[in-house]
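Subject: Structure handover

Hello,

Here is the structure we talked about. My notes follow below it.

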Amino acid sequence: MRVSHYTESTECGNGEEESPGTTTATTRFGIRGDLLIPGCGQPIEDGAVVVADAMIEWVGDFSNRPAKYDAVKFHHVKVLMPGLWDCHVHFGGHGLAFSTLNASSSFLPGAPTLAGAVTVADLRRTLDAGFTSVRELMGYAGYLWPGIRDGYLVGPNVYSSLAALSITGGHGDDHELPLCAVKQFGEAGGASYLCDGVDECTKAVRTMVRRGARCIKVCSSGGVLSLNDDPEDRQFSDKELKAIVDETERSGRAVAAHAIGKAGIMAALRAGIKSIEHGCYLDEEVAILSYLVGPMLTLGFTVKEKGATLVATRHIQESLLLDPSGFPEPVVKKIKKIVPLTRKNYDLAIQQGVKIALGTDTWNSNPEHRVAHGKNAMELTYAVKAGMTPLQAIAAMTANAPEVLGRLAPKSGQLKAGYDADLIGVAGNPLDDLAFLTDPNNVTHVWKGGKLYKSPA
Ligand SMILES: [Zn+2]
């Protein structure tokens, strides 16, 4: 039987992990919060964590801390939470380096360099807003990740697909440019990559892995902003999708499917894809199938834990509807059709107990833009509007998130012993109103991998 993913607060995250016990850490410090929100489970008043090097070593009531921590120095924050995760972003320099609607400008020599330079500030803004991890499903931050990892740049942990895999004429194609230009751009490291037929699909995954992708993105349905296709279109055949999933699994990675229309969602689930992006046409049939990904469909298992995650992206959709000016008429029509549908079906997904992680489709480098980097927490407010409790919404942006990376999922998104020491301090209780987290000034502290990146002056 299906059990709602939202009926019990303990139902989040990706399974049980044992405490590592006391390690031989070289640095150890504590953080004490008037309130501790663990990401998964109930908040603790006057809670604390002990961080040993880059890992959380202990979590609990401050008053019950083990005597061995008597000498440990504790920082104080009002509210302590896991660092947030955005499971769907794009760092491409749009809005500053390039205009949105002139795709050819981003194809010119030097364009990726410019996008990368602009992205440096966007990465910092994202981390300052409390997002210690992002999954980038097309963009340039994935190429900057080694610089972040090695300490040359400041930003969140980036798990990037680098490019999106698309059929010719599909969502990832650019329909107004010569095909040869789009193909060459993809070959040269551009953010979309066209592949048709089983062999090209397999090779496309290998190419992304070779470039350093930490996940694979495929467009299994048409899109809203692509000109000549429709979100209700299915893209890639079953055989092509299967080839992409098989090759991705051989590399230990996981696939995310841009899937808006029902046909594209169903095809992705049948192929064994466990991260459904947008999922706007989700209905009851899809909700049930989301528990039965891939081979389980035919075997008839109903193992919820093995099911797919819907990555809801309401922030971008509402923003597009609010101001669709500047887009060509066919695109505006698609926006007006999709958004009301999404509202209804997102509510349904929550009621049906579909596993949900939050993404934002954040893509704009102009800080004034509604979907600019750093405003990612807007998605939490939409999750509550769709029917989640504030605690469930936080779980969807923390504990539920890493699972979308499959076998590469880090121990992250929870305040739990043995997990990455990615934590934030907040100036007030976000459970009263999650909009509080949308102002980066309310995020007083950011630790990533046990290192302090933001604190009050
Ligand atoms: Zn996207």
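Across which strands does helix α5 lie, and at about what angle does it run to β10? Helix α5 (residues 238-250) lies across β8 (164-166), β10 and β11. It runs at about 175° to β10.

First, the ground rules. This is a predicted model, in which local features need pLDDT of at least 70 and side-chain atom pairs count only at pLDDT 80 or more, while totals for chains, interfaces and linings use all residues. Residues are numbered from 1 along each chain as its sequence is written.

Helices (H or I, at least four residues) and strands (E, at least two) are DSSP runs, numbered from the N terminus. Two strands pair if DSSP finds at least two bridges between them. Axes are lines fitted to C-alpha atoms, for helices over the stretch in contact, and angles run from 0 to 180 degrees between N-to-C directions. Contact means C-beta atoms, placed from the backbone, within 7 Å.

**The seven-strand sheet**

This open sheet has 7 strands in the order β9-β8-β10-β11-β12-β13-β14, and the pairing is parallel. β9 (192-194) and β14 (355-358) stand at the edges with a single partner strand each, so one side of each has no neighbour in the sheet. Neighbouring strands are turned by 30° against each other on average, direction ignored. Within the sheet, β10 (residues 216-219) and β11 (residues 255-259) pair in the parallel sense over 4 bridges. Val 218 stands opposite Ala 257 in β11.

**The four-strand sheet**

Another open sheet has 4 strands in the order β7-β6-β5-β15, with parallel pairing. Its edges are β7 (157-160) and β15 (362-364); each has a single partner strand, so one side of each is left without a neighbour in the sheet. The twist averages 30° from one strand to the next. β5 and β6 run parallel, joined by 4 bridges. Val 89 has Glu 136 in β6 as its bridge partner.

Two helices lie on these strands. α1 lies across β5 and β6, at about 150° to β5. α2 lies across β5, β6 and β7, at about 145° to β7.

**Helix α1**

α1 (residues 111-128) has 18 residues.

Buried means 20 or more other C-beta atoms within 10 Å of a residue's own, exposed means 12 or fewer, and partly exposed is in between, with C-beta atoms placed from the backbone. Gly 130 follows α1, with a positive phi near 100°.

**The β2-β3 hairpin**

β2 (residues 44-52) and β3 (residues 55-61) pair in the antiparallel sense over 6 bridges. Gly 47 has Asp 61 in β3 as its bridge partner. The hairpin has 2 residues between the strands.

Please look at two backbone angles here. Asp 46, in strand β2, has a positive phi of about 45° although it is not a glycine. Asp 53, in the loop between β2 and β3, has a positive phi of about 55° and is not a glycine either. Asp 46 is partly exposed, with 13 other C-beta atoms within 10 Å. Asp 53 is partly exposed, with 15.

Best wishes

Conventions. The expected span of a helix is 1.5 Å times one less than its number of residues.
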